[in-house]
Amino acid sequence: MMNSFSPVANPDAIVLAPNVRFTIFTSRLIRIEYSPTNQFEDHASQAFWYRQQPVPKFRVDKNGNTTTITTEHLRLKYIDSQLGFDAHTLSIEIFATKTTWHFGDPGKRDNLGGTTRTLDMADGEVRLDPGLMSRAGWSVVDDSAKLVFNETGWLMNRAHPSNQDIYFFGYGHDYKTSLSDFCKIAGKTPLIPRFLLGNWWSRYWAYSEQDLIDVVNGFKEHEIPLAVCVIDMDWHITETKNLSTGWTGYTWNRKLFPDPKRFLDWLHAQGLKTTLNIHPAEGIHPHEEQYEQMAQVMGVDPTSRNAVRFDITDPQFALAYFDILHHPLEEMGVDFWWIDWQQGTLTRLPHLDPLWWLNHLHYYDSGRDGRKRPFIFSRWGGYGNHRYPIGFSGDTFITWASLAFQPRFTSTAANVGYGWWSHDIGGHQQGVEEPELFARWVQFGLFSPILRLHSTANPYHDRRPWSQDAETFRITRDAMQLRHAFIPYIYSMAWRNHSQDLPLVTPMYWDHPDDDNAYNCPQQYMFGSELIAAPITTPLDANTRMARQDVWLPRGDWYNFFDGEYIAGDRWSSTYAKQDEIPVFAKAGAIVPLAPPVNWGGLGNPNELTIHIFAGADNRFELYEDDGETVAYTQGQYALTTFTQTWGGNNLKFSIEPARGDTSFVPSPRQYRLVFHGVKSPAHIDISSTDIVTSYDEPSASLTVDGISITPKDSVTITLTTPSNTLLSRRDRRIEKCRKMLRTFKMQSGLKLRIDCDLEKILHDPGLLHGYGIYMKDAHLAALKSVVS
């Protein structure tokens, strides 16, 4: 469980004043310390491990009792004071935003928020902890009370608890660099295993072995792919007949699972991974199979039948906790642990939150063999937990308000680098079950970091898609099948998260920090580098039978990802979606690789890829592939395949370059299907390949090219050309969109026909829509005007 730290900063980056030490990590990141004894902390803290960084350029000026430090982006002024920092003695000017921070200003008003420990019992919005990003251009992380690591890799209290220790981030609106530099000193987000990106099944339910076999077979029979089967807490004995409440447990319930290894082997034979839920707070009681061994190790007389107290701050207990309680179950076939800690924030070690320490220890223990890619499944424990993916967001209420908050909650977590939240898709408890709400939640799950179905132990909460009505089943199955198709794209974004410190889901203001609109669209977010997702989180309107989502599209050209419709950017637009539609938009130039649709599996590097190419701009996309499960990627064992689009107005050139790196991970040969969106039917198609088949679809303005088969060492280039001024299709779809709406509306059929006959006139004079009398509801009018205006 030892960690590699480099916590001592380069001496050339340090500026000293009486009782004060400043460490300049970058031109915008400064550590600020005060010590009444002039003794400073050089151990790695819980969050900050890598203080040894290249020294940036800066100038120090001393004028009497005033120290001024000037970098390219900041100017720090400090007036010597034996009492430490206050608003008068310490200030920092941020050049980019022309603002000045004074010590003690928490900046909560302008802070853009981070995340929070849990959404347990949440029915809608909850207060978020501050993040690293602020419209004021600065943020502060107070590390003073956090623990530090000793030489053995164990946490301890600071030797000088009266010291002040803060980190100042003065990045203006350069939010991406702010997170990247945070990761330089706090550590990177590791690459998660590929299988985590598939669909998960989970339910708090006293399942037997046969029950879960039936559930898994149900997914197979209904052609819904799965990747993970979660076994909630009833895997272990819960009726203990002693002082334990049964929430904590490590002994299989043999009434439900008579042969646990046989069952785990069966899950693995289906291509699934599995996790067990644990609540470790109550310690080890005498009903456990491991009790006698744990009692002897911890000095408890086994004949006393006294519980072995849970104390994760005790190294001896921690070692036994893993060696005796967890490792044998892993040898049996448990792939990872769901650490369901809900029992407070205190330990015997002052200032140590047990959740933070459990996350840290479990993460490193899971990778103890030096081969397995470590990760955990737990709640957020605070700064530094971006190093321990993935997150369990807790037990939300089953309400539209809960769903509506989750897009903002998920994207804002990027502001502390926490990019892998897993929500209870469908909601956990209480509320009113509605098929539409469930379908919308699954659609959000499709465009979330993790898609995990879950609910509490109530027979009226059922997340099996086939338990729903036929339409809801169709919608959820389509979404879950598409999720597995999206794995090549999402896994490439997971690599981007690790290598470039850019989470999969980010707020719009990360890419458009100087546009006020980007701060006022919490229901949408960037889903990777190519897409904007704006999942529906409100019910269908009774009159339009559609849901409305107001979406802000930044400057540039955009396309509806699913039907290829062109949409001009730099404006707000109202998107109307039927229950089976999801507002997702691809930027001009977007390149989105998808695996073929699957009914089961689809977790490996696919033999076939469909690449969706959206015309209108130059772009480059790197497809990342590796073994999916080990740490070999840290030694360069991975492959990158680059796709490029070169836009020329009346021509488009798309290239697949030879794979770089370890090409053994790339299937050979691989079949490619290319789908070009937003283009006219080209007059000429030139390709450095043979035996291709092309087809053009006029309604969607898309060209499909099939039959490309290449090895990892090969390259292929295809060029589309037209003799007209532009290859772009800007076909006017307004009439067909209006007719689609009319077919969906709850409206008198005669009125629908009248409007349909007048559509040509309405396009020229939208005001005519006001002349259709009382049967034209306000919602109808707003929907049609959003198309024709």
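**Charged pairs and aromatic rings**

The structure holds 47 salt bridges. The model is a predicted one.

Start in helix α3, which spans residues 260-269. Here the side chains of D265 and K261 meet in a salt bridge, with 2.9 Å from N to O. The two residues stand four apart in the helix, so about one helical turn separates them. D265 is partly exposed, at a relative accessible area of 36%. K261 is partly exposed as well, at 41%.

Next comes a contact between E565 and K737. Their closest N and O atoms are 3.3 Å apart, and they form a salt bridge. E565 lies in the loop between β25 (557-560) and β26 (566-568), while K737 lies in helix α11 (residues 734-744), so the pair ties together parts that are 172 residues apart in sequence. E565 has a relative accessibility of 15% and counts as buried, because buried means under 20%. K737 is partly exposed, at 31%.

E622 and R660 form a salt bridge, and 2.8 Å separates the closest N and O atoms. E622 belongs to strand β31 (residues 619-625) and R660 to strand β34 (residues 660-661), so this pair ties together parts that lie 38 residues apart in sequence. E622 is partly exposed, with a relative accessible area of 28%. For R660 the value is 35%, and R660 is also partly exposed.

Salt bridges can also link into a network. One such network connects R21, R31, E33, D42, D143, R158 and D165.

Now turn to the rings. A search of the whole structure finds 73 aromatic pairs.

Finally, look where charge meets ring. R203 lies over the face of W205, 4.1 Å from the ring centre. The charged end of R730 sits over the ring of Y566, at 3.5 Å from its centre.

Notes: Residues are numbered from 1 along each chain as its sequence is written. This is a predicted model: local features need pLDDT of at least 70, side-chain atom pairs count only at pLDDT 80 or more; totals for chains, interfaces and linings use all residues. Side-chain values use heavy atoms; hydrogens and water are left out. A salt bridge is a side-chain nitrogen of Lys or Arg within 4 Å of a carboxyl oxygen of Asp or Glu. Buried means under 20% relative accessible area, exposed over 50%, partly exposed in between (1.4 Å probe, protein chains only). Rings of Phe, Tyr and Trp (its six-membered ring) pair if their centres lie within 6.5 Å; planes under 30 degrees apart count as stacked, over 60 as edge-to-face and the rest as tilted. A charge sits over a ring if NZ of Lys or CZ of Arg is within 6 Å of the ring centre and within 35 degrees of the ring normal.
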